[in-house]
Structures are given as structure tokens and as C-alpha cells.
Amino acid sequence: MTTAFPLSPQPNLASKTASQTLIKVDLVKGELAPPYRSYNHWLQEQFGGRVAKISVDPGFTCPNMDGTKGVGGCTFCDETGSSSRVPIKTESITEQILKTLPKMQDRFNTHRFIAYFQPRTNTYAPVAKLKAVYDEALAAHPDIMGLAISTRPDCVDEEKLALIASYQQPGRLVSIEYGLQSIHNRSLAAVNRCETVEDFETAYALTQQYGIDHCIHVILGLPGESWEDMMATANQLAAWRVAGVKIHLLVAMNKTMLAKDFEAGRWAPMERNTYIHTVCDFIERLHPECVIHRVAGNGHPLHVLAPRWMTEKFDVMSDIDAEFSRRGTRQGSHCNTFFTK
Ligand code: SF4
């Protein structure tokens, strides 16, 4: 069984940087600032109100499922390629959006939506097909004001990124989400990722070249990763100056290879308290301007096998805030590159 993760060293309050004390209070509103730059907060800053994502599925597969790069997929991924375990959609993009949008308008009291191409690999198709589905999403309803496209770094090239960049215009948010997961190739191999950190570096360089907003997915608690390994990933994300990060815990969903490992005692998830400490350590090392898209919550509670505590997403988020408050730190407090750029 994978060993437990050591708790991080306790913060040395005497070494607090100026950023820690300066950013704690929002001087305009006179309110305590949140300990990290959350995606919702950032969207409100950019668009002056709530923006919600509508998940859409163009029905593409994944090169790590169809045999092109691998078979069986990543060990934490089920056959739907989605933590929500939603079957591949057969309705058109327009039908998917029109079915969901009115409910989301009521739920979030907003008229601004991003079409979120979420499950599996949403650039894994010829450019003409990509253009057709992205065009359709933007035209589906006047309240759709952007695209978020989730994909693997090894499934983009100049032509695809040029297409995605062509959708950028004032008032519209266009972003791409890459699954990096870790900067350690041995960790990627341990979850059958079938791609490398070098694939990410190539995709990221091109993405920067085209000036596309981006969010990088990482996973804490990968098999064999130490606290130092995870912090090295955070430090590298800061050095790359990535625009956004989505932090996941490695969670075993039902009917995955990881679920089998869990049931056979070959893998154990991170303990709750260790996660709270580790995610705070991780965020402290990110650049203060990086937007944090997620810190907790993986998959639909009905399908989470282990750890079950992660289904209490808002409790976990609240404990993360409390831990930052206890430490007196925040995002960027221990960022190595904060003062160098
Ligand atoms: S790359 Fe994404 S969709 Fe493909 S197997 Fe891995 S997690 Fe699933």
C-alpha cells in the first residue's frame, strides 16, 4: 500500500514576506481578502457579475482510450472520461445548452455562461469538426459568452490553437484547460497517463504564443509522490507563470482501475487533514496572480469510492480557509518567483 503522506513543516511566521501582510485586507472594500484568488472572484472582477459554466460534450473520445496513445485510460478515469460519470451525449451541442441553461439561470441568477467542453479530450478531432462544435456552442444562446475547452497537452497543435485563439474578442472568455497533473514523469506513468511533462511544455509554449487564457489541472496524492514532489510541481507552475490552476485530490471513482487498486489494498487515498495542509502548502507556492479554479471536490458524490470525505466539498473548502487563517499566510506567501518577474 502506498505510504501515508507526511504533514508539511509548520510555517515559520518570522519569515513572512511583505506580500503576506499586504494582501490580507482588501483596502477598497475594507474586507478580509480570501486567502487565494478564486476563479469565481476573478470572473466577477472581469465581468462584473456571476458567470457559470455549462458542461457540454461533443462526443469525442481520448487517445489514451482508443489505443492511439494507450488503452484503458488514466487509472482514475472511467469509461465516460468524466468524473461526473455522465454517458457520452448524443444530443447536439445546441440541445445540450438549451436544456441546461434555463435551470442554471434560476440556480445562479445570472445571464452569463461559458460553454465548458469538459469530458474526455475536446481537441481530439480534425480542425473542421472542432470549428463546427465551438461555433455551435457560441451560437446556441445569446447568454453564451465564452468557451472553456478541456484537453490533453498532446492533443493540440498550431492549427488547433490558432482556431481557439480566433474566438477571442472583447467581452468573451476563451480558455483551454490542460491536464498536467504533475511535473514528474514517473508519477504520470504511475497513473497510465501516456503523455509526458515535455508534451505539456510544448503545448504550453504554443498556448502562450497564441495568448490563450489557460488553466492547468494538477492532482495531489499521486502514487509514490512525496510532499517535496508536490511542492516541486507548485514551484514549477509559479515559475511558468501559468494563468490558472485547478487542484484535485486523487480520488477513486467507482469502476476505475484506481478503484480496483483501492479495493485490493494497493493504493490508499490521502488523509483529510494531510490534504488540508498539503493544499495550503501548494497554494502558498503558487504565484499570487494565478487564478485558482478549484481546491476541493472531485466527481459526483454517488460515484466517489474513496476518500468519501472529499464529497463534503464545502466543509473541505472551509477548513482550507481556516488553515490559512491559522497560519496567517495566503496564496504566494512562499512563492519563489514572486519578486523576480
Ligand atoms: S486523458 Fe482525460 S479523458 Fe483521457 S483517459 Fe486520461 S483522464 Fe480520461
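Okay, let's start with helix 8 and helix 10: helix 8 passes helix 10 in a right-handed crossing. When I say helix, I mean a DSSP run of H or I with at least four residues, a strand is a run of E with at least two, and both are numbered from the N terminus. Helix 8 covers residues 227–240, and helix 10 covers residues 272–285.

Before going on, a word on what we're looking at. This is a predicted model, where local features need pLDDT of at least 70 and side-chain atom pairs count only at pLDDT 80 or more, while totals for chains, interfaces and linings use all residues. Residue numbers start from 1 along each chain as its sequence is written.

Back to our pair. Two packed helices are described by the angle between their axes and the distance between the axes. The axes of helix 8 and helix 10 come within 8 Å and cross at roughly 30°. Those axes are lines fitted to C-alpha atoms, for helices over the stretch in contact, with angles from 0 to 180 degrees between N-to-C directions. That makes helix 8 roughly parallel to helix 10. The cut-offs are under 35 degrees for roughly parallel, over 145 for roughly antiparallel, 65 to 115 for roughly perpendicular, and oblique for the rest.

Which residues of helix 8 and helix 10 make the contact? On helix 8 they are W227, M230, M231, A234, N235 and A238, and on helix 10 they are T278, D281, F282 and R285. Contact means that the C-beta atoms of two residues, placed from the backbone, lie within 7 Å. By class, this one has six nonpolar, two polar and two charged residues. For those classes, Ala, Val, Leu, Ile, Met, Phe, Trp, Tyr, Cys and Pro count as nonpolar, Asp, Glu, Lys and Arg as charged, and the others, Gly among them, as polar.

Helix 10 has another partner, helix 11. Their axes come within 9 Å and cross at roughly 65°, and this crossing is right-handed. Helix 10 brings I276, H277, V279 and C280, and helix 11 brings D319, I320, E323, F324 and R327. That contact has five nonpolar, one polar and three charged residues.

One more pair: helix 4 (residues 127–139) and helix 5 (residues 158–166), whose axes come within 10 Å and cross at roughly 20°. Helix 4 and helix 5 are therefore roughly parallel to each other. V127, L130 and K131 of helix 4 meet E159, K160 and L163 of helix 5. The count by class is three nonpolar, no polar and three charged.

Now the overall picture. The protein chain has eleven helices and eleven strands. Of its 341 residues, 42% are buried. Buried means 20 or more other C-beta atoms within 10 Å of the residue's own, exposed means 12 or fewer, and partly exposed is in between, with C-beta atoms placed from the backbone. If you take contacts between residues at least 6 apart in sequence, 83% join residues at least 24 apart.

What about the core? A nonpolar core is a set of buried Ala, Val, Leu, Ile, Met, Phe, Trp, Tyr and Cys residues joined through C-beta atoms within 7 Å. The largest one has 80 residues, and A115, A137, L220, V245, V279 and L286 touch the most other members. Which helix gives the most to this core? Helix 10 again, with six residues. As for L286, leaving aside neighbours within four places in sequence, this residue is in contact with A234, L237, A238, V245, Q331, G332 and C335.

Most residues other than glycine have a negative phi, and most peptide bonds are trans. C194, in the loop between helix 6 (185–190) and helix 7 (197–209), has a positive phi near 60°. R241 has a positive phi too, about 60°, and sits in the loop between helix 8 and strand 8 (244–249).

Is each one buried or exposed? C194 counts as buried, because it has 21 C-beta neighbours inside 10 Å. R241 has 12, so it counts as exposed.

Then there's a cis peptide bond joining A306 and P307, with omega about -5°. P307 is in the loop between strand 11 (304–306) and helix 11 (313–327).

Key
A crossing is left-handed if the near helix is turned anticlockwise from the far one by less than a right angle, and right-handed if clockwise.
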